[in-house]
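Reader: I've got a model open and I'd like to learn how to read its features one at a time. Can we walk through it together?

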Amino acid sequence: MSDTTQSFENFKLNKQLLEAVKEAGYQTPTPIQEKAIPIVLAGHDLLGIAQTGTGKTAAYLLPALFKLKYAQGTHPRGLILAPTRELVMQIAEEAIKFGRYTDLRIVSLYGGIGPKTQIESIQNGVDLIIATPGRFMDLYKRGEIFPRDIKTMVLDEADKMLDMGFLPQIRAILEVIPVKKQNLLFSATFSEKVEMLSSEFLEFPERVEIAPQASTADTVSQVYYLVPNIKTKINLLAYLLKDERMQRLIVFTRSRKNAEAIFKFLERTESEEIRVIHANKGQNTRINAMDQFKQGKVRILVATDVASRGLDITDVSHVVNFDVPLIYEDYVHRIGRTGRAHSKGEAITFVNPAEVYHFDHIQKIIRMQVPMVDIPLEVPSTKTPFEEQQGYEREIDEQKKKENPDFKGGFHEKKPKPKTKPIPKTNFSKGKRKAKKNRNQLKQKGKWKK
Ligand code: ADP
Ligand code: MG
């Protein structure tokens with residue numbers, strides 16, 4: 001990044017857009033905007049990689065809106081795809097904000113509600129569609145969308161779309177849209193899958209990468225606790241919530257079930273209002289929860305990864321990872337909710353015995369050691385129930401099998417296994433008993449001996 005104060009005025013945008021940018025309070029472009037906007041304006045395909053919260057939306061919206069200029073015809077000329085309805089709504093909100101001094105007709109399409117109003121909006125004429133892949137395809141199949149005029153197409157949050165299994169739908173959409181158009185792909189992370197998609201979707205793209213892959217914002221301090229079981233995780237959470245510095249926090253879980261369980265628990269035990277968002281919640285409930293959290297009316301939001309991906313929630317003081325995400329990049333996304341806009345944030349991760357393995361992988365991805373903090377003595381520690389313990393052991397066993405090359409070799413080899421096993425690093429191959437003494441537990445320095 002250079003020190004020269006770039007300004008939005010330097011881009012070849014028009015007055016209408018610049019005025020709206022000013023009103024949005026944007027003074028200087030973010031690095032991804034600075035690099036991407038001229039490239040998109042010049043008509044190139046673009047692959048843009050920058051972590052969550054770096055301003056990717058405006059990086060493609062401003063030049064896209066500039067190209068669309070004003071309302072024309074009835075059929076869409078621009079299409080933006082995003083993985084969830086929340087994201088679609090958020091992008092649409094930005095687009096409407098930036099487009100307020102134009103007459104561009106912006107329509108968002110997403111599931112969870114009936115299509116009637118959406119169809120009506122399309123029929124009234126539309127310039128830019130912002131949609132989830134599913135709803136776009138639904139309405140296309142019903143003959144409601146005529147995509148032949150589409151000249152600019154954006155895949156936002158491409159990594160998440162792929163994680164969510166949207167590839168077939170994206171391909172189906174590409175089949176029905178003119179090949180000759182400008183294509184833009186944005187993603188917070190760059191994985192093999194994203195690379196593959198970009199080679200299918202983009203033609204001689206310019207590439208803009210801002211943060212190194214999966215890097216975590218350096219305004220976030222991270223710690224983790226080793227926690228023996230769910231009950232103790234809950235006790236620890238309840239303890240941490242008493243900290244006054246926890247002004248606005250998101251508690252992340254990897255499943256709806258956990259989100260719901262934590263929410264129920266907190267609702268019972270805390271004297272304040274709590275909100276929860278996950279995919280099973282009705283659309284309005286989710287929107288209301290988000291609004292109240294954003295406006296500071298509630299301090300605690302419990303959320304799953306899917307429901308919260310890419311949501312623009314700023315000024316979060318803390319992120320608590322109640323469990324370790326199994327899609328490792330989600331860790332980066334989760335902690336990207338805090339430490340934005342130069343305010344210091346804290347990310348706290350609860351790691352159970354079977355999650356040590358996953359958290360190790362995450363630390364490799366973010367290329368840093370996250371410091372461990374001891375559970376305060378005030379936190380009641382409970383004995384791990386037999387079944388839960390068994391569950392962890394089974395998982396650890398699986399992990400060991402995955403890591404153990406002997407196991408793999410044995411699996412594929414035709415020859416019978418040699419009777420004498422290789423000597424080193426074979427704690428694993430001696431079955432469950434020995435597996436218990438695995439590296440992970442050693443790491444815990446006898447923390448959960450029971
Ligand atoms: P990303 O898509 O990369 O996760 P967003 O586009 O959602 O990031 O932007 C994150 C936040 O930063 C939003 O609140 C957005 O309004 C704000 N923002 C984006 N660009 C700028 C800018 N140039 N100046 C000030 N705020 C900005
Ligand atoms: Mg985004």
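Reader: Let's start with helix packing. At what angle do helix H8 and helix H9 pack?

Author: The general idea: two packed helices are described by the angle between their axes and by the distance between those axes. This is a predicted model, by the way. Here H8 (residues 167-176) and H9 (residues 192-201) pack at about 10°, and their axes are 12 Å apart. Angles under 35 degrees count as roughly parallel, so that's the label for H8 and H9.

Reader: Which residues make the contact?

Author: From H8 you have Leu-167, Ile-170, Arg-171 and Leu-174, and from H9 come Met-196, Leu-197, Glu-200 and Phe-201. Sorted by type, that's 6 nonpolar, no polar and 2 charged.

Reader: On to sheets. In what order do the 6 strands of the open sheet come?

Author: In general, the strands of a sheet pair through backbone hydrogen bonds, either parallel or antiparallel. In this open sheet the order is S8-S13-S12-S9-S11-S10, with parallel pairing. The edges are S8 (220-226) and S10 (274-277); each has a single partner strand, so one side of each is left without a neighbour in the sheet. Ignoring direction, neighbouring strands here are turned by 20° against each other on average.

Reader: Over how many bridges do S10 and S11 pair?

Author: Over 4 bridges, in the parallel sense, with S11 spanning residues 300-304.

Reader: Which strands does helix H10 lie across?

Author: H10 (residues 230-240) lies across S8, S9 (249-253), S12 (318-321) and S13 (345-351), and the helix runs at about 160° to S13.

Reader: How about loops? Where is Ala-279 found?

Author: For a loop residue, ask how accessible it is and what it touches. Ala-279 sits in the loop between S10 and helix H12 (283-294). Its relative accessibility is 34%, so Ala-279 counts as partly exposed. Beyond its neighbours within four places in sequence, Ala-279 contacts Arg-85, Arg-256, Arg-286, Thr-304 and Ala-307. Check Val-306 as well: Ala-279 and Val-306 are 27 residues apart in sequence, yet 7.2 Å apart in space, C-alpha to C-alpha.

Reader: Last one, backbone torsions. What is phi of Glu-157, and what is phi of Phe-204?

Author: Glu-157 has phi near 50°, a positive value in a residue other than glycine. Phe-204 also has a positive phi without being glycine, near 40°. Glu-157 lies in the loop between S5 and H7, while Phe-204 lies in the loop between H9 and strand S7 (206-209).

Reader: Is each of them buried or exposed?

Author: Glu-157, at 6% relative accessibility, counts as buried. Phe-204, at 75%, counts as exposed.

Notes:
Residues are numbered from 1 along each chain as its sequence is written. Chains are lettered from A and ligands numbered from 1 in the order in which they are written. This is a predicted model: local features need pLDDT of at least 70, side-chain atom pairs count only at pLDDT 80 or more; totals for chains, interfaces and linings use all residues. Side-chain values use heavy atoms; hydrogens and water are left out. Two strands pair if DSSP finds at least two bridges between them. Helices (H or I, at least four residues) and strands (E, at least two) are DSSP runs, numbered from the N terminus. Axes are lines fitted to C-alpha atoms, for helices over the stretch in contact, and angles run from 0 to 180 degrees between N-to-C directions. Contact means heavy atoms within 4.5 Å. Angles under 35 degrees count as roughly parallel, over 145 as roughly antiparallel, 65 to 115 as roughly perpendicular and the rest as oblique. Ala, Val, Leu, Ile, Met, Phe, Trp, Tyr, Cys and Pro count as nonpolar, Asp, Glu, Lys and Arg as charged, and the others, Gly among them, as polar. Buried means under 20% relative accessible area, exposed over 50%, partly exposed in between (1.4 Å probe, protein chains only).
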